Amino acid sequence: MAPTALEREDMARDAAFNQAMHGKSAKARGGLTAMRGKDAAAQKAAVDEYFKHWDNKDYADETDADREARRTEYATLTRHYYNLATDFYEYGWGSSFHFCRFAYGEPFRQAIARHEHYLAMQTGIKEGMKVLDVGCGVGGPAREIVKFTGAHVTGLNNNDYQIDRATHYAHKQGLSDKMAFVKGDFMQMKFPDNSFDAVYAIEATVHAPELVGVYSEIFRVLKPGGTFGVYEWLMTDEYNNDDAEHRRIRLGIEQGDGISNMVRISEGVQAVKDAGFELLHHEDLAQRPDATPWYYPLAGSFKHMGSVWDFFTIARMTWWGRGLAHRFVGAGESIKLFPRGSQKTADSLALAADCLVEGAQKNLFTPMYLMVGKKPE
Ligand SMILES: CC(C)=CCC[C@@H](C)[C@H]1CC[C@H]2C3=C(CC[C@]12C)[C@@]1(C)CC[C@H](O)C[C@@H]1CC3
């Protein structure tokens with residue numbers, strides 16, 4: 001595959017779009033409340049821009065040109081995905097946009113935080129360190145890692161709305177002096193060489209058009225001797241691109257999750273090495289013999305619920321909880337309570353959820369391939 005040319009960045013254009021689409025909704029409580037405060041024309045532009053890559057493109061006849069178009073416009077594709085999906089995520093999942101392992105009887109939020117602590121520990125993050133979070137979402141993991149370790153965390157993100165929300169939460173929680181949020185493309189970071197003591201990425205670098213590009217940038221900004229820890233989304237090596245069913249699942253995950261080009265484990269591991277890292281550890285955490293599967297909330301298996309207090313949290317993620325919410329959004333769209341395109345986004349997220357569960361059950365996909373690399377001294 002030819003190396004991807006980088007997309008030209010235009011900060012002023014993105015800031016103006018963010019202002020037009022989201023207005024003051026970045027300061028809303030989140031979820032459905034924030035979804036009501038959008039500009040209709042801007043939302044339509046985001047929907048058109050995102051779905052042009054997926055509409056009428058079936059897995060059965062996916063062409064290399066379709067895939068190439070997504071890779072070429074990786075940054076725009078991901079930015080608009082999050083313009084559309086962020087409020088749904090916060091409504092349905094909270095502010096840490098990632099999966100996690102579950103111990104027996106473990107409540108949802110505790111398991112999410114534990115997954116973040118585990119990566120912080122594997123990456124060797126300590127008090128006083130200067131740390132980079134690549135693809136920080138609305139800052140849920142960064143806030144937890146600041147509280148857990150006492151490090152200073154800079155969150156890098158390509159979506160202005162998520163940066164605004166992350167900044168808002170950091171301020172609200174009195175963490176502003178321990179955090180900074182920077183808008184930018186992780187394939188072409190503006191940070192000087194050797195800037196950070198440690199770097200981590202949680203289920204974010206999968207948005208890159210090619211992993212070696214983003215890992216090389218991480219290598220560049222990390223100080224010699226510093227550590228990089230990542231939870232990567234990868235297709236397992238059982239994935240066979242010539243199998244139409246496998247392709248349907250991969251494409252459903254890519255469409256529903258704003259991904260231009262998801263690759264297999266072997267390619268992910270090779271990319272870390274090719275970027276220059278000494279690979280200290282790599283492991284698919286989804287293969288640990290956990291009694292509770294990582295995807296249980298999306299699969300709607302209440303028997304795995306860790307605490308009765310999680311009932312409403314989990315209910316929102318199940319297929320029927322999604323169905324109810326998405327019908328409500330659809331009805332709201334027809335009376336202009338929610339902007340046009342909200343239902344389409346909801347349907348696409350439902351596709352993601354179904355394909356993520358199927359991919360996991362067939363052992364074709366993992367969202368938690370842990371890799372820890374060191375930049376040689
Ligand atoms: C996209 C990447 C790389 C990471 C995000 C992982 C997860 C946090 C999301 C993947 C699919 C998402 C869905 C939802 C929340 C966030 C995810 C689990 C919903 C449960 C949000 C509420 C909607 O009504 C249904 C969504 C299904 C998919």
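Colleague: Let's start with Lys38. Which side chain does the side chain of Lys38 touch in a polar contact of 2.9 Å?
Modeller: The side chain of Ser25 makes that polar contact with the side chain of Lys38, at 2.9 Å. Keep in mind that this is a predicted model. The side chain of His22 also has a polar contact with the side chain of Lys38, of 2.9 Å.

Colleague: And where does Lys38 lie?
Modeller: Lys38 is in the loop between helix H2 (32-35) and H3.

Colleague: Is Lys38 buried or exposed?
Modeller: Buried, because its relative accessible area is 13% and the cut-off for buried is under 20%.

Colleague: H3 came up there. What about Glu49, which element is Glu49 found in?
Modeller: Glu49 belongs to helix H3, which covers residues 40-51. Glu49 has a relative accessible area of 24%, so it counts as partly exposed.

Colleague: How far is Glu49 from Ala353, C-alpha to C-alpha?
Modeller: The two C-alpha atoms are separated by 22 Å, and Glu49 and Ala353 are 304 residues apart along the chain.

Colleague: OK, on to the ligand. How many residues surround the ligand?
Modeller: There are 18 residues around the ligand, and the closest are Phe88, Tyr89, Glu203, Asp257 and His326.

Colleague: What does a polar side-chain atom of His326 lie 2.6 Å from?
Modeller: That atom of His326 is 2.6 Å from an oxygen atom of the ligand.

Colleague: How much of the ligand's accessible area does the protein cover?
Modeller: On its own the ligand has 600 Å² of accessible area, and the protein covers 100% of that.

Colleague: Which cavity is the space taken by the ligand?
Modeller: The space that the ligand takes up is the largest cavity.

Colleague: Which elements give two or more residues to the shell around the ligand?
Modeller: Those are helix H5 (74-92), helix H14 (319-334) and helix H15 (342-361). H5 supplies the largest share of the shell, four residues.

Colleague: How do the shell residues divide into nonpolar, polar and charged?
Modeller: The shell around the ligand has 11 nonpolar residues, four polar ones and three charged ones.

Colleague: Staying with H5 for a second, what's the place of His98?
Modeller: His98 sits in the loop between H5 and helix H6 (108-123). With a relative accessible area of 2%, His98 is buried.

Colleague: Which side chain makes a polar contact with the side chain of His98?
Modeller: The side chain of Glu116 does, and that polar contact is 2.6 Å.

Colleague: Where does Lys336 lie, and is Lys336 buried or exposed?
Modeller: Lys336 is in the loop between H14 and H15. Lys336 counts as exposed because its relative accessibility is 75%, and exposed means over 50%.

Colleague: Then there's Asn363. What's phi there?
Modeller: Asn363 has a phi near 55°, a positive value in a residue other than glycine. Asn363 is in the loop between H15 and strand E7 (365-374), and counts as partly exposed at 23% relative accessibility.

Colleague: Switching to strands, where is Val199 found?
Modeller: Val199 is in strand E4, residues 196-202. Val199 is buried, with a relative accessible area of 0%.

Colleague: How far apart are Val199 and Ala271 in space?
Modeller: Val199 and Ala271 are 16 Å apart, C-alpha to C-alpha, and 72 residues apart in sequence.

Technical notes. Residues are numbered from 1 along each chain as its sequence is written. This is a predicted model: local features need pLDDT of at least 70, side-chain atom pairs count only at pLDDT 80 or more; totals for chains, interfaces and linings use all residues. Side-chain values use heavy atoms; hydrogens and water are left out. A residue is near a molecule or strand if one of its heavy atoms lies within 4 Å of it. A polar contact is a pair of N or O atoms within 3.5 Å; within protein, one must be able to donate a hydrogen and the other to accept it, and residues adjacent in sequence count only if both atoms are side-chain atoms. Accessible areas come from the Shrake-Rupley method with a 1.4 Å probe; for residues, only the protein chains shown count as cover. On a 1 Å grid over the protein atoms alone, a cavity is a set of points where a 1.4 Å probe fits but cannot get out, and a pocket is an open set with protein on both sides within 12 Å along at least five of seven lines; lining residues have an atom within 4 Å of a point. A molecule sits in a cavity or pocket if more than half of its atoms lie within 2 Å of its grid points. Ala, Val, Leu, Ile, Met, Phe, Trp, Tyr, Cys and Pro count as nonpolar, Asp, Glu, Lys and Arg as charged, and the others, Gly among them, as polar. Buried means under 20% relative accessible area, exposed over 50%, partly exposed in between (1.4 Å probe, protein chains only).
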